[in-house]
Amino acid sequence: MKKIVAILALMICFSAGLFASEYKFVNFEVGPMTGFPFYGANELYDEVQAVRDDEGVRLVFGATGDMRFDLMPEFSLYLGVDILSDFVWNKSDYSNHLDYTFFFGGKVYPTNTGFSVNIAYGSGSRSDYTGKKGANNSGVTAPQKPSYAAYWGNGFKLGFEYDFSRNSNFKHMPVVGVYWKNMPRGKNLRDSTLSFAAKLGF
């Protein structure tokens, strides 16, 4: 009987320790992002500038998300995805581009704060949607197949983040970051993106 009571007491203490622990092995982060895309194809760069001329509008926005595996307080592995839209239009002319990349990488926390340095291997592509008024001699906007179509490629992403929830009593705090991504697009061309994100962890 005493052995059973001792075993039950040990189990209760162990369970209480687990529930009291705030450590989570798997964490998720998701949020909006924006940035500055730098296209490697001169034709694409010239097209964007031409559509923007004379009261054109450009809007760059997207979303990013990570599934993070905290192996230790100083190091994490993560799987992530970025989707960034670059919409450029001027009246009926448009030059819209969608960048999508999947990542696998690591995050290192060099100090006892929320600051981290991230580097990841990325795989993705870019889809392009363009149209100009009168392109088919009809006087209306016609979709066009761009000559700078991108291919699927593998590149990298370097980032710096600060997680305000680390060492804090409030766990649902933002994670802000700045990132540099470099991706090949075929034909010896590469796109680069400087992006900014504000994510919420849960």
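From the N terminus on, the elements of the protein run α-β-α-β-β-β-β-β-β-β-β, which comes to two helices and nine strands. Helices (H or I, at least four residues) and strands (E, at least two) are taken as DSSP runs and numbered from the N terminus. The model is a predicted one: local features need pLDDT of at least 70, side-chain atom pairs count only at pLDDT 80 or more, and totals for chains, interfaces and linings use all residues. Residues are numbered from 1 along each chain as its sequence is written, and side-chain values use heavy atoms, with hydrogens and water left out.

Some overall figures come before the details. Of the 202 residues in the protein, 39% are buried; here buried means under 20% relative accessible area, exposed means over 50%, and partly exposed covers what is in between (1.4 Å probe, protein chains only). The protein exposes about 12,000 Å², with 67% of that supplied by carbon and sulfur atoms; the areas come from the Shrake-Rupley method with a 1.4 Å probe, and for residues only the protein chains shown count as cover. Among contacts (heavy atoms within 4.5 Å) with a separation of 6 or more, 64% are accounted for by residues 24 or more positions apart.

Strand pairing comes next, where two strands pair if DSSP finds at least two bridges between them. E1 and E9 run antiparallel to each other over eight bridges, and in this pairing phenylalanine 36 stands opposite leucine 194 in E9. E9 also pairs with E8, again in the antiparallel sense, over 12 bridges. Valine 176 stands opposite alanine 198 in E9. The hairpin of E8 and E9 has two residues between the strands, and lysine 187 takes a positive phi near 55° there. Lysine 187 is not a glycine, despite that positive phi, and it is exposed, at a relative accessible area of 56%.

Lysine 91 is in the loop between strand E3 (75-90) and strand E4 (93-108), and with 74% relative accessibility it counts as exposed.

Helix H2 itself (residues 42-52) has Leu44, Glu47, Val48 and Val51 as its buried residues. These four cover an arc of only 100° around the axis, so they end up on the same side of H2; the arc is that of the directions from the helix axis to the C-beta atoms. As for the background, an α-helix has 3.6 residues a turn, so residues three or four places apart point the same way.

Then there are the aromatic rings. Rings of Phe, Tyr and Trp (its six-membered ring) pair if their centres lie within 6.5 Å, with planes under 30 degrees apart counted as stacked, over 60 as edge-to-face and the rest as tilted. By this rule the count comes to seven aromatic pairs. One of them joins phenylalanine 36 and phenylalanine 196 edge-to-face, at 6.3 Å centre to centre and with 90° between the planes. This pair links distant parts of the chain, since phenylalanine 36 is in strand E1 (residues 26-38) and phenylalanine 196 is in strand E9 (residues 189-201), 160 residues apart. Phenylalanine 36 is partly exposed at 49% relative accessible area, and phenylalanine 196 is partly exposed at 35%. Phenylalanine 38 and tryptophan 180 make a tilted pair, 6.1 Å centre to centre and 35° between the planes. Here too distant parts of the chain are linked: phenylalanine 38 is in strand E1 and tryptophan 180 in strand E8 (residues 174-186), 142 residues apart. Phenylalanine 38 is partly exposed, at 43% relative accessible area, and tryptophan 180 is partly exposed at 35%.

Lysine 107 sits over the ring of tyrosine 78, 5.0 Å from its centre, and lysine 157 over the ring of phenylalanine 103, 4.7 Å from its centre.

Finally, methionine 67 belongs to strand E2 (residues 57-72) and is partly exposed, with a relative accessible area of 27%. Leaving aside neighbours within four places in sequence, methionine 67 is in contact with Val26, Asn27, Phe28, Leu77, Tyr78 and Leu79. Methionine 67 and phenylalanine 28 are 39 residues apart in sequence but 4.6 Å apart in space, C-alpha to C-alpha.

Methods
Lys NZ or Arg CZ within 6 Å of the ring centre and 35° of its normal.
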